[in-house]
Amino acid sequence: MTNDFPPRRGGIESFVHALADRLGDVVVYTATMPGSEEVDAALPYPVVRDRSTMLVPTRRVRDAVVRTMREHECDRVLFGASMPLGLLSRAVRAAGAQRVVAVTHGHEVWWARLPGTRQALRRAGDGVDALTDISDWTRAQIGRALSPAGRAKQTRLAPGVDTERFHPGCGGAQVRQDLGFDDSTPVVVCAARLVRRKGQDTLIDAWPQVLAQVPDARLVIVGGGPYRARLEQRAQRRGVAEAVTFAGLVEHMTEWMDAADVFAMPSRSRLLGLEAEGLGIVFLEAMACGKPVIVGRSGGAPEATEDGVTGYVVNPRDAEEVARRVVQLLTDRAAAARMGALGRERVLASWQWDQVGATARRLLDVE
Ligand code: GDP
């Protein structure tokens, strides 16, 4: 049961879709979205669309999901996001669910901090059999809202990466050629929504110092968002506009990641830590492409890499430190390549969707 499912696009939607694909005999109960008929028809399992565009735990939605459970003889329930649908845990249990699992992402950190929603999260935690988390950091933050019994149910279920799509050589050469770079042009890619928190501004601030030591270094900023115009102005002001490319929203992230020599996203925390990186799936995607990563110390992001082994964790407010690490990786190409290869190995070892699916099935106690 989820609000986050294709055709809507986003990190949580991809996560829930990848889980649903691996749960075996599954029925997805989700909201109505434009263009859903085509998506649903292509899936090998039934998708039941509620008439609302956003599921909230009302009596009507509760009755509708219970009806669906009975119709399809469901005896396990996974909530694609713990809140607010996790509040239906008692109802689905009464309807025959033997195991109830709720997944948390990053936004539950807000729910855990704000007074009213904190109580609701605590109730959801009390009602489920397992409450999953994506990083130690989100686990600790969410845990603060839970009862001791709820905390005991916290368990890791982090998203994976499709390593058959994200791999070294998955189309980066063409992107580089289209951008007019040659094989030896040193390229740093940052891919994320263009919002303050993601730290594209710090990279731009670091660029004059990078260019002083690596004059042909190029920064490619991938992604869309409200901060774009400000970032473009910033690049002008710093005198680095020529060296910075704004790619906008791209269709295939794979080839843009692969176009990089180094992936960097010095994301930072804002609003007293309320806005922080839950984990940063982009670091895993870049590592799967064999890229060394520069990671901002924010929330759970440092957990995505191994500092000094597969990349570097940096102070995201320190443009000098960011510049130093960029220069280091762009000038010692052999060390950077070694780090990138270790990053790919790390993703292959512990961040694959099939492993995530197996963990989810274990939590639901299904084979
Ligand atoms: P979040 O935006 O804070 O959830 O950041 P994450 O790093 O956890 O996840 C972002 C996801 O969106 C990653 O899978 C990215 O590859 C993807 N993404 C971001 N920008 C783009 C884009 O322009 N195109 C495509 N295809 N994917 C993108």
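Helices (H or I, at least four residues) and strands (E, at least two) are DSSP runs, numbered from the N terminus. The model is predicted: local features need pLDDT of at least 70 and side-chain atom pairs count only at pLDDT 80 or more, while totals for chains, interfaces and linings use all residues. Residues are numbered from 1 along each chain as its sequence is written, and side-chain values use heavy atoms, with hydrogens and water left out.

**Stop 1: the ends of the chain**

Select D365, in the segment after α16. D365 is not a glycine, yet its phi is positive, at about 60°. Then move to P7, in the segment before α1. The peptide bond that joins P6 to P7 is cis, with omega near 5°.

**Stop 2: the ligand**

The shell holds 14 residues, and the closest are R193, K198, V250, I281 and E285. By class, the shell divides into five nonpolar, two polar and seven charged residues. Here Ala, Val, Leu, Ile, Met, Phe, Trp, Tyr, Cys and Pro count as nonpolar, Asp, Glu, Lys and Arg as charged, and the others, Gly among them, as polar.

A backbone N or O atom of V250 is 2.7 Å from a ligand nitrogen atom. A polar side-chain atom of K198 lies 2.8 Å from an oxygen atom of the ligand. In the side chain of R9, an N or O atom is 3.5 Å from a nitrogen atom of the ligand. The ligand taken alone exposes 590 Å², of which the protein buries 76%; accessible areas come from the Shrake-Rupley method with a 1.4 Å probe.

**Stop 3: helix α13**

Which helix gives the most to the shell around the ligand? Select residues 281-288: this is helix α13, which contributes three residues. Seven of the eight residues of α13 are buried, where buried means under 20% relative accessible area, exposed over 50%, and partly exposed in between (1.4 Å probe, protein chains only). The buried residues of α13 pack against β7 (187-191), α12 (253-258), β10 (262-265), β11 (293-296) and α15 (333-350). Just after α13, G290 takes a positive phi of about 80°.

Within α13, pick M287. M287 counts as buried because its relative accessibility is 0%. Beyond its neighbours within four places in sequence, M287 is in contact (heavy atoms within 4.5 Å) with residues including V293, A304, T310, G340 and V347.

**Stop 4: aromatic pairs**

The structure holds two aromatic pairs. Rings of Phe, Tyr and Trp (its six-membered ring) pair if their centres lie within 6.5 Å; planes under 30 degrees apart count as stacked, over 60 as edge-to-face and the rest as tilted. Select F15 and W353, a tilted pair at 5.7 Å centre to centre with 50° between the planes. F15 belongs to helix α1 (residues 11-21) and W353 to helix α16 (residues 353-364), 338 residues apart. Both residues, F15 and W353, are buried.

Then select F263 and F283, an edge-to-face pair at 5.9 Å centre to centre and 80° between the planes. F263 lies in strand β10 and F283 in helix α13, 20 residues apart.

**Stop 5: two loops**

Finish with the backbone. Most residues other than glycine have a negative phi, and most peptide bonds are trans. E73, in the loop between α3 (59-72) and β3, has a positive phi of about 55° although it is not a glycine. E73 is exposed, with a relative accessible area of 71%. P84 lies in the loop between β3 (76-79) and α4 (89-94), and the peptide bond from M83 to P84 is cis, with omega near 5°.

Key. Near = heavy atom within 4 Å. Polar contact = N/O pair within 3.5 Å; in protein donor to acceptor, adjacent residues only side chain to side chain.
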